[in-house]
Structures are given as structure tokens and as C-alpha cells.
Amino acid sequence: MSNTFQVDLRGIVDLLSHHLYASPRVYIRELLQNAVDAITAVGPDHAGRVEIVTGDGLRISDNGIGLTEAQVHELLATIGRSSKRDELGFARHQFLGQFGIGLLSCFMVADEIRVHTRRGDAPPVLWTGHSDGRYEVGPGPEREPGTTVTLLPRRGSEHFLMGTTVTTLAGLYGSLLPVTVTVDGQTVTGDTLPWDRPQAERRLYAEATLGFRPFDVIDLNVPAAGLSGAAFVLPTPVNPASRGGHRVYLKRMLLSENVEGLLPEWAFFARCVVDSSELRPTASREALYDDGQLAETRDAIADQLRGWLARLAATDPRRLGEFLRIHHLGVKALALHDDEMLRLVEQWYPMQTNMGEITLAEFRARHGVLRYAATDDEFRQLAAVAAAADLALINGGYVYDADLIERLAALDAEIRAERLDPSDLATRFLPVEAEVELRLRPFLAAVQRRLDRLGCEVVVRAFDPVTLPALYLVSRAAAFHEDFTASRSQADDLWGGVLDALSQTVPTDRPQLVLNHRNPLVRRIAALGDDELAGLAVESLYGQALMLGHHPIRPNDAALLTTSLLGLLDRAVPGEA
């Protein structure tokens with residue numbers, strides 16, 4: 001024996017208001033959709049109009065096609081059945097919404113809904129629905145073909161049916177509709193499409209609607225999706241992780257002011273206002289259905305944004321430079337997988353180097369190899385010394401920069417890219433003369449004993465700038481060894497055993513404290529002849545080198561800085577307490 005599901009209308013209304021729709025205010029959109037669809041069904045030449053009157057509730061009337069009594073039963077009292085609706089002609093492509101579930105949304109703000117309708121020469125019909133699930137259908141008073149829906153407010157929702165609220169909502173959802181809509185005699189439709197307005201008016205529209213005066217406005221057109229519109233470029237930087245929403249209309253009815261997924265992730269610098277006749281809404285009609293058509297539309301819009309950037313590069317490089325200064329993260333993210341944008345970044349985006357801010361193309365023309373430091377800390381540590389050695393260095397520590405440099409080299413065989421290792425820089429330093437090195441051996445042996453417990457090797461070299469007494473250099477191998485050692489100290493017995501087994505293959509290069517023999521202070525310290533005082537001085541230089549290179553200060557380092565400072569003060573201030 002088969003049975004039929006029993007539907008609790010109160011439960012359906014609760015589902016709509018708490019889980020499907022973002023706000024009860026969408027009831028106005030659903031009423032407008034039904035009215036416009038009824039007008040559309042009459043024919044393209046029909047002069048449609050929708051009149052909304054507020055007072056003791058709300059009444060919305062249209063001069064559309066209307067319904068017969070049979071259609072009232074099928075469309076207004078049936079939830080979820082699509083086949084019969086299609087047969088009656090209310091699921092055709094040009095319609096905005098559907099009857100039935102849309103009308104049920106009105107129960108979020110009303111306890112009773114009355115639908116007075118007439119189709120052609122058929123008798124008028126009056127359908128009355130109640131929020132507890134009851135409805136009645138009977139003859140209605142005489143009227144012209146069309147439909148009038150009356151809502152009687154539910155307690156606590158009266159403000160949704162007030163004149164000022166209804167006028168605002170009707171203007172929000174329906175201002176671009178091709179039919180005339182009035183609320184208490186005030187027309188709320190008739191606005192021209194924002195992207196069809198003069199450029200100055202587009203900017204004013206963005207300021208009033210989106211909250212900013214755009215850097216530029218880009219026309220969008222995707223015929224396959226029946227989409228037209230505009231992308232408004234933000235005038236200030238924005239967090240790339242933020243997912244700004246877009247204002248989307250379907251057949252000129254506002255779907256939502258905050259639709260996501262219309263643009264690729266890298267295009268976070270733009271906010272769009274578009275209208276489409278082909279994209280599909282979700283069940284709530286507050287978002288777009290993420291299907292193949294939306295993906296193709298997203299790709300088409302991405303191509304148009306890329307084209308705008310390419311046109312700026314060709315026709316207005318100064319303005320492109322302004323844009324890149326504001327939104328370089330988005331363009332660089334795109335350049336990671338787009339060759340055209342990679343070349344644009346190479347030609348136009350200035351990167352930080354120890355020779356000033358210049359583009360990669362200009363850097364390559366001057367210095368040949370794209371030599372870079374992979375982190376900002378490495379760059380700050382090595383920039384001055386590399387510049388003194390006439391070695392040009394790019395700061396690859398900013399987001400995507402190192403990846404872009406490597407991708408350029410992979411894309412073009414004529415481009416060479418090298419990551420500068422701190423140990424590579426040490427090979428460019430000059431050794432001291434043999435006689436001086438022999439004289440310094442006792443000094444080096446004494447200070448090495450002081451720094452052995454910190455795992456640091458002390459060497460003396462000659463390098464520029466002369467004003468820099470010491471440099472702390474950590475090779476990639478040494479940095480990996482330090483991280484490995486720290487992980488081993490924190491691991492439990494099981495993982496500790498695994499790490500012990502791996503330790504045989506871990507490089508054991510030690511960080512170096514490179515003392516600059518060209519620096520007068522270093523030469524005086526080396527000539528002291530007092531191992532204790534020389535040790536305290538070199539420990540202080542060690543701490544200064546850590547801080548100048550922006551290296552992390554470990555607990556042992558902090559303790560050393562304290563004892564060396566106190567030791568120097570004790571030697572500098574003679575006498576008894």
C-alpha cells in the first residue's frame with residue numbers, strides 16, 4: 001500500500017525563514033517575480049504595470065495573464081511539483097521565478113494570503129491561504145484579467161509591510177525591471193542599466209551603491225550567459241583572503257547584493273554589477289548555482305579583466321603603475337599561472353632591490369642574473385654587504401616574488417635566476433693576510449671557545465662596508481640543521497628515534513660570525529691581549545649581528561647578551577661598591 005507525504009505548512013515556513021532565505025524581506029522579490037512573469041506571459045508588446053498599495057497589510061496588483069481555477073489549484077496549493085507547472089506554461093525560459101514556493105515565502109510576514117485572479121474570459125477566482133496550512137478556492141468579484149495578491153500581516157512582522165519599507169525593498173529588487181512598478185503611487189522602476197550610463201555617472205553609481213569611487217570601470221559582456229555588466233576596480237588595497245560579493249541581477253531582477261563565485265579568486269580587486277538571462281539561481285534565489293555555465297562565465301570575465309590590464313600596459317603605463325601599486329598581489333597571483341600577466345609583471349612591477357626599486361626587466365638588463373634573497377630577513381641581512389660588493393640583489397621575500405622570479409627562468413631559457421645563499425656571499429669576502437691570520441690565532445681560539453656552546457663558528461674576513469663590524473651568516477643547510485635540532489628536542493621517544501636515524505643525513509654546517517678586519521673596532525678588540533675582555537666584546541658583537549640580521553633570539557642568545565653586557569659594564573666601571 002502506498003501513502004502520500006503529509007506536509008506541515010508551518011514547518012515549511014520555518015524552513016524558509018530560518019534556513020532557505022537570508023531575510024523575510026525577500027517576500028517582495030518573490031511577489032515582483034510572480035507579477036513580472038504574469039506580464040511576460042501575455043506577450044512582448046504588452047505594456048505591463050505593477051501597483052503596490054500599503055495600509056492595513058499590502059496589496060500588489062498586475063495586469064498580467066492571470067490564472068484559471070484549475071491553475072490556482074495546481075500552482076498555489078502544490079509544493080514541489082514541476083511537471084504540471086511546465087504544462088501550464090509557467091516554467092518557460094523568459095520567466096524570472098516560479099509560482100508556489102515563491103508565494104509561500106510571503107507566509108514569513110503574513111498570516112493570510114489572498115490571491116484574486118482572472119485569466120482572459122474565464123471567471124475570476126479568489127484563493128485564500130492560511131499559515132496553518134488551510135486554503136479555500138471560490139469565485140471572486142469581477143475584475144480585469146490579471147492578479148491581485150493581498151497580505152495580512154502576522155504579529156511582529158507589520159514593519160515589513162509598511163510603506164517606507166516596501167518602497168525601499170521594491171526599489172532595491174526591482175529598480176531595473178522593464179515594467180512599471182509603483183508603491184503607493186510612487187514609481188520605483190525605470191532606472192537605466194548602470195553600465196549603459198556615461199562614465200562619470202557609472203562612478204557616481206558605484207560610490208552610491210557599492211560605497212567607493214572606482215579606480216576604473218571595465219565593461220563585461222558574456223553572450224553565452226546572456227550577461228552584461230561592469231567590473232568596478234577598487235581604489236584601495238584589499239585583503240586577498242576576503243571574498244567580496246557582487247551585485248547580480250537575473251533578467252533585471254536583483255538576485256543578491258553579495259553573490260560570490262562570479263570572479264576568479266585572483267580578481268579580488270574588482271566588484272561587479274551584472275545582469276544575466278542564463279545563469280541559474282539556487283533554490284533561495286539569493287546565490288548562483290555553481291555549474292559548468294558559471295565556470296565558463298567566470299573564465300570569460302577573467303579574460304576580459306586580463307585584456308583590460310594588457311590594454312593599460314599598451315596605452316597608459318603610468319596608470320598601470322598606479323594600479324599595480326594598489327593591487328599588485330592580485331596581479332602577481334594571476335601571473336603565477338598566466339604567461340601574459342607574468343610578462344606584464346616583469347615589465348612593469350617594480351621590486352625592492354639593494355639598488356633601489358626597479359622592474360625585473362630593468363634589473364636583468366643591468367645585471368644579467370636575477371639574483372634574489374628568498375626571505376625578507378635574508379635580504380635585510382645581506383643587502384648592504386652585497387651592495388658594497390657590487391652585487392645586485394632582489395628581495396624575493398614579498399608574497400609571490402620569489403616564485404615569479406623562478407617561473408620567469410623556467411619559462412625563458414635566456415633568463416637566469418639564482419637564490420643567494422648567505423654562505424655564497426662569504427666566499428666573496430677577502431681573507432686576511434697570512435701574517436695577520438697567524439697573529440690572530442690566539443684571539444680566534446679564545447673567542448671560539450666562548451661561542452662553541454652556541455654552535456657558532458668565528459672567522460675573520462675583510463669586507464665592505466667598513467662600518468659593519470660583524471655579520472652573522474646562516475646557510476640554508478645550517479638553518480635546516482637548527483630546525484631539525486629544535487624538532488628533535490621537542491619530539492617524543494617514538495619520533496625522536498626516527499629523527500635520530502635521519503640525523504646521519506642532515507648537513508651539519510654551522511652558522512658563522514664573520515668579523516670584519518677592516519673595521520677599526522674589530523682590530524682593537526683583536527689586539528687587546530685580554531682573553532676575557534675580548535670574549536665579552538665578541539659576544540656583544542654576536543648579539544648585535546643577530547639583531548641587525550633580524551635573526552631569532554633564542555634563550556641562550558638572550559642570556560649571552562645579558563652576561564656580556566654586564567661583564568663589559570663591570571670592566572668599564574672600576575672601583576668597589
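Because it is predicted, local features need pLDDT of at least 70 and side-chain atom pairs count only at pLDDT 80 or more, while totals for chains, interfaces and linings use all residues. Residues are numbered from 1 along each chain as its sequence is written, and side-chain values use heavy atoms, with hydrogens and water left out.

Let's start with the big picture. The protein chain holds 20 helices and 22 strands; these are DSSP runs numbered from the N terminus, with helices being H or I of at least four residues and strands being E of at least two. Of its 577 residues, 48% are buried, where buried means under 20% relative accessible area, exposed means over 50% and partly exposed is in between (1.4 Å probe, protein chains only). Among contacts (heavy atoms within 4.5 Å) with a separation of 6 or more, 67% are between residues 24 or more positions apart.

Now for a sheet. Five strands make an open sheet with mixed pairing, in the order E9-E10-E13-E11-E12; two strands pair if DSSP finds at least two bridges between them. Strand E9 (216-222) and strand E12 (253-259) are the edges, each pairing on one side only. From one strand to the next, the twist averages 15 degrees. Axes here are lines fitted to C-alpha atoms, for helices over the stretch in contact, and angles run from 0 to 180 degrees between N-to-C directions. E9 and strand E10 (residues 227-233) run antiparallel and are joined by seven bridges, with Asn221 standing opposite Ser228 in E10.

Two helices go with this sheet. Helix H6 (residues 163-174) packs on it, touching strand E11 (246-250) and E12, and its direction makes about 90 degrees with that of E12. Helix H7 (residues 199-209) lies across E9, E10, E11 and strand E13 (270-276), at about 95 degrees to E9.

Next, take a look at helix H12 (residues 376-388). Its 13 residues reach 19 Å from first C-alpha to last, close to the 18 Å expected (1.5 Å times one less than the number of residues). H12 also has a kink of about 45 degrees centred on Leu382; the bend at a residue is the angle between axes fitted to the seven residues ending there and the seven starting there. Leu382 is one of the buried residues of H12, which also include Phe379, Val385 and Ala386. The buried residues pack against several elements, among them strand E14 (350-353), strand E16 (370-373) and helix H14 (422-426). After H12 comes Asp390, with a positive phi near 60 degrees.

Asp184, in the loop between strand E7 (180-183) and strand E8 (186-187), has a positive phi of about 50 degrees although it is not a glycine. Asp184 is partly exposed, at 41% relative accessible area. Lys251, in the loop between E11 and E12, has a positive phi near 50 degrees and is partly exposed at 23% relative accessibility. Finally, a cis peptide bond joins Asp464 and Pro465, with omega about 0 degrees; Pro465 sits in the loop between strand E20 (457-462) and E21.
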